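Hi,

Here is the structure I promised to pass on.

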2 protein chains.
Amino acid sequence: MEHERSEKQKLPLQGVIVLDLTRATAGPLGAQMLGDLGATVIKVEIPPQRQRQMRGISSRESLYQRYSCGDFDIHFLALNRNKKSLTLDLSSERGKAVFHDLVKVSDVVYENFRPGSMKRLGLDYEALRRVNPKIICCSLTGYGYSGPLRDLPAFDLIIEATSGLLNATSSADPEGIPVFSGVAMADHIGGIWSVLAILAALFQREHTGEGQHLDIAMQDAALHFLSYKAVGSMNFETFDDISKKLLWGIFRAKDDYIVLAVHREPFWREFCRILGHEEWLQDPLFDTQMKRQKNRERLVSLFNEVLSEKKVDEWLQIFGTKVPATRLSSLKDALNHPQARSRNMVIEVDLDKETKVKLVGNPIKGSGIKGEVFNPPPRIGQDTAEILESLLSFSQEKIAELRDEGIM
Amino acid sequence: MEHERSEKQKLPLQGVIVLDLTRATAGPLGAQMLGDLGATVIKVEIPPQRQRQMRGISSRESLYQRYSCGDFDIHFLALNRNKKSLTLDLSSERGKAVFHDLVKVSDVVYENFRPGSMKRLGLDYEALRRVNPKIICCSLTGYGYSGPLRDLPAFDLIIEATSGLLNATSSADPEGIPVFSGVAMADHIGGIWSVLAILAALFQREHTGEGQHLDIAMQDAALHFLSYKAVGSMNFETFDDISKKLLWGIFRAKDDYIVLAVHREPFWREFCRILGHEEWLQDPLFDTQMKRQKNRERLVSLFNEVLSEKKVDEWLQIFGTKVPATRLSSLKDALNHPQARSRNMVIEVDLDKETKVKLVGNPIKGSGIKGEVFNPPPRIGQDTAEILESLLSFSQEKIAELRDEGIM
């Protein structure tokens, strides 16, 4: 039974075909997630293949060059596994016709052009639904298809600033220089929300039999990430985030920073006991949550005094599972940790016979998710002929003809 | 036709029933997202109802108290709309039996206890699949159900530090005091990834007819958010994030900061033209991407000199859609902006006859998503009787009996 099921469908999106027109960061990330979940993701690469030169840097002069592996840079490498590559000139009539043929047999068209671009190409949802009424078109943009800002260009940095994300990241020191997230946060948030929308629409289609146009804005998604802070600031004149006042944060051990969370009663008690300072539990300055918040500064200096006696590793050993604590990991340390390894969060793909590259795994782990595959990012157009043959039953002659015409 | 479809299924998850056992931040956020998408989310509140007192602060002494609206604090309010509330003592045999009855008619059980807790309650996936083989159980934890760290307690702050997210946020000034994201980033990332997993499993079940156990770790999800940075740091000894070197970032206008992204050739040209400094385009210090990166400091000071002549608003007016630019918005400004309003990203719910509260809307916009509803967070147990009657056909007598026994 188990076997039979796993034969039938090992990965959630097996059988789903996605036409991926996305460029830059957010869209390619989202499309990769769909591929990780088992979808057949066809990266439709429109000449010139600018999407392979990230951040506007032409490959010739890229600082990424020294990290490049063949025709990928790191950025591209991180966002384009589990995709097939097909080149197609969408500005030509024959190219459009091939795209229409692909839409007929596909489930999702995923793009992150500015609003209006797909319409100018004649490839907007209204046009594509006439080709395939079940098609789901997902447009991922900076500000969405509506509203006064819809036509503005947007990059991660812009959305971080305009959504308030940057404001939140900078809240530790409101007078200081504003701090960006450091990981293209708005791109990642937009990417993941668009995948969410696509999955919801695929599920909905199982019941309605119809496709739809999804209009996902990085800005909307970023606003949603601000949740309780947003609710506080919208409803109250003087809302101040409580989290700074709680008994958690960054403290000082002998050799390095240590992060502790003893804001909850049981952890607070355990912490005092382990530190050998049970007198704090009865101390009239600290014997309620409210008082510990009020006298946080005093407590923090007491903490640091005791914590400075041992190294982070020793403390983590001592705290075990009793007190939530950790060190400040570098990315390298986090990914080299046995936890990441045991969770298969570091995977390795072969770029070619000589080159192996490590990538971040898929966080979706499930008892019904079996036989995960991680294929390296495709070379430009490597799957063009195979896709046209297998999906559209194009003849070798027709494919050669299209190639000669420069459509692919 | 349009009408007929919208009658059949207006929202993607209509008809899906979710039993929500989550507490704190990440899980309630995820469950709320399922509710926003049309699922019937039943918040199963286990006595004592600690999940309504966020961050370990008892309501009596909560600093949130001054922001509280009835029995909600802001934090709870932001994460619990579109749910029904049912109280149930899961430690009692009769309570468990009622839960089993609910599992029989439900699609998803969603929880964020530490690994092992559900098993101790006799409510782990292996037990629940015997009750309903189609059930999807999603466990959202700090580190996941496997690996050496699985039993450690974790909060947002801990995961931010241990995953490298904190390292990334702090990368602007590696020598300075580390900077947290300021918005419970790891909670949000974990919440949204678990929803993604649930949607994928629901879609998969349409084809396999079977449920599964999903094992989602905040830590795994956070690692995935580090994508290209993670790939860079795993594969290269000396990887350095290029983004700091690009021609984007925070600059100074007359009255405030302004964020600009002129790292791409067309925007760079437009920018020089608008600023009246077309000579920069030919300047041998700046005439290629590489040189502009190399001489970034010189360029930044030139930029600031010109930008300081006008206010942010004036510049944004001048740049229009030609140059990606924005101001640093506060959360309030971002949510008050006509863009957020026109995208329905600010919604209002009635807590009672006198109290309206603003919440953040749903970023999933689709042509097939109609008649969105936003119900206020439920009062504790407000829907207990109705759920048992309508879903399980319990008699009034049986409900009264359970209530008398203290099961609900």
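This is a predicted model: local features need pLDDT of at least 70, side-chain atom pairs count only at pLDDT 80 or more; totals for chains, interfaces and linings use all residues.

Below is what I found in it, going from the whole chain to the details and then to the pair of chains.

**Chain A as a whole**

Chain A has 408 residues, and 54% of them count as buried. Its C-alpha trace spans about 85 × 55 × 50 Å along the principal axes. In secondary structure, you'll find 20 helices and eleven strands in chain A. As for contacts between residues at least 6 apart in sequence, 70% of those in chain A join residues at least 24 apart.

The chain is divided in two: domain 1 of chain A takes in 2-227 + 378-404, while domain 2 of chain A covers 247-332. Taken over C-alpha atoms, the centres of these two domains of chain A are 45 Å apart.

**Around β4 of chain A**

What does it pair with? On one hand there is β1 of chain A (residues 17-20), in the parallel sense and over three bridges; here A:D20 stands opposite A:Y110. On the other there is β5 of chain A (residues 136-141), again parallel, over four bridges, with A:E111 opposite A:S139.

Now look at the side chains. In general, those of a regular strand alternate between the two faces of the sheet. In β4 of chain A, A:V108 and A:Y110 point one way and A:V109 and A:E111 the other way. Are these four buried or exposed? They are all buried, the charged A:E111 included.

**The three-stranded sheet**

Further along chain A there is an open sheet of three strands, in the order β7-β8-β9 and with antiparallel pairing. The edges are β7 (248-252) and β9 (325-326) of chain A; each has a single partner strand, so one side of each is left without a neighbour in the sheet. β8 of chain A (residues 257-261) pairs with β9 of chain A over two bridges, and A:L260 stands opposite A:A325 there. Helix α15 of chain A (residues 296-307) lies across β7 and β8 of chain A, and runs at about 45° to β7.

**How the two chains meet**

How many residues of chain B are in contact with chain A? The count is 133, and they touch 133 residues of chain A. Helix α9 of chain B (residues 185-208) gives the largest share of that side, 15 residues. By class, the side of chain B that touches chain A is made up of 74 nonpolar, 41 polar and 18 charged residues.

**One residue in chain B**

Last, take a look at B:K245. You'll find B:K245 in the loop between α11 (227-235) and β7 (248-252) of chain B.

Cheers

Technical notes:
Residues are numbered from 1 along each chain as its sequence is written. Chains are lettered from A and ligands numbered from 1 in the order in which they are written. Two residues are in contact if their C-beta atoms, placed from the backbone, lie within 7 Å. Domain bounds come from an automatic or database domain assignment. Two strands pair if DSSP finds at least two bridges between them. Axes are lines fitted to C-alpha atoms, for helices over the stretch in contact, and angles run from 0 to 180 degrees between N-to-C directions. A residue is buried if 20 or more other C-beta atoms lie within 10 Å of its own, exposed if 12 or fewer, and partly exposed in between; C-beta atoms are placed from the backbone.
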